[in-house]
Amino acid sequence: MIRALDPTSLDWTWGQGVQNYLTGEAEINEDIATALKMFLGECFFATNLGVDWWNLIGSANLAGIILQCRTVIAARAGVTKITSVNAYLDRTKRALFVSYSVSTIYSLQTSNTVAIS
């Protein structure tokens, strides 16, 4: 189980007991999204978690970004196979969108798009 994040503030949700936790595919998607948004070394107790955004920011090297994101996704619990990872840089919104499709221990396929801004 993993604690759900508020979609607006991206902070943990509180006050509803067990309902504040995710399981199954929702848990895996939340874990992947959190890991993709983290800077490598940001978490003091898991310094190898996250993407090396410091070296990728400002880079137009989408292939390098996709490779780093694939590595992060593959390391998440419950992911059994990565089907696809794509990145799209939207300069007007000043955001990077990472889309992925993976097989999990719960299903044949799940996919999501994560906005990194």
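Predicted model: local features only at pLDDT ≥ 70, side-chain atom pairs only at ≥ 80, totals over all residues.
Two strands count as paired if DSSP finds at least two bridges between them. Strand β4 covers residues 95-104 and strand β5 covers residues 110-116; the two run antiparallel and are joined by seven bridges. Within this pair, Ser99 stands opposite Thr113 in β5.

Next comes helix α1, which takes in residues 24-37. Is the helix enclosed or open? Ten of its 14 residues are buried, so α1 is largely enclosed by the rest of the structure. Among the buried residues of α1 are Gly24, Ile28, Ala35 and Leu36, and also Glu27 and Glu30.

Asp31 lies in α1. Buried means under 20% relative accessible area; Asp31 has 15% relative accessibility and therefore counts as buried. Leaving aside residues up to four places away in sequence, Asp31 touches Ile2, Arg76 and Ala77.

The start of the chain gives a contrasting case. Met1 is found in the segment before β1, a strand of residues 2-3. Exposed means over 50% relative accessible area, so Met1, at 62% relative accessibility, counts as exposed. Together with Val18 and Tyr21, Met1 forms a nonpolar patch on the surface, and the accessible area of these residues together is about 330 Å².

Key. Residues numbered from 1 in each chain as written. Heavy atoms only, no water. Helix = DSSP H or I, 4+ residues; strand = E, 2+ residues; numbered from the N terminus. Buried < 20%, exposed > 50% of the residue type's maximum accessible area, 1.4 Å probe, protein only. Contact = heavy atoms within 4.5 Å. Patch = residues over 30% accessible without salt bridge, like charges linked within 9 Å, V, L, I, M, F, W, Y side chains within 5 Å. Areas by Shrake-Rupley, 256 points an atom, 1.4 Å probe, with all protein chains shown as cover. Salt bridge = Lys/Arg side-chain N within 4 Å of Asp/Glu carboxyl O.
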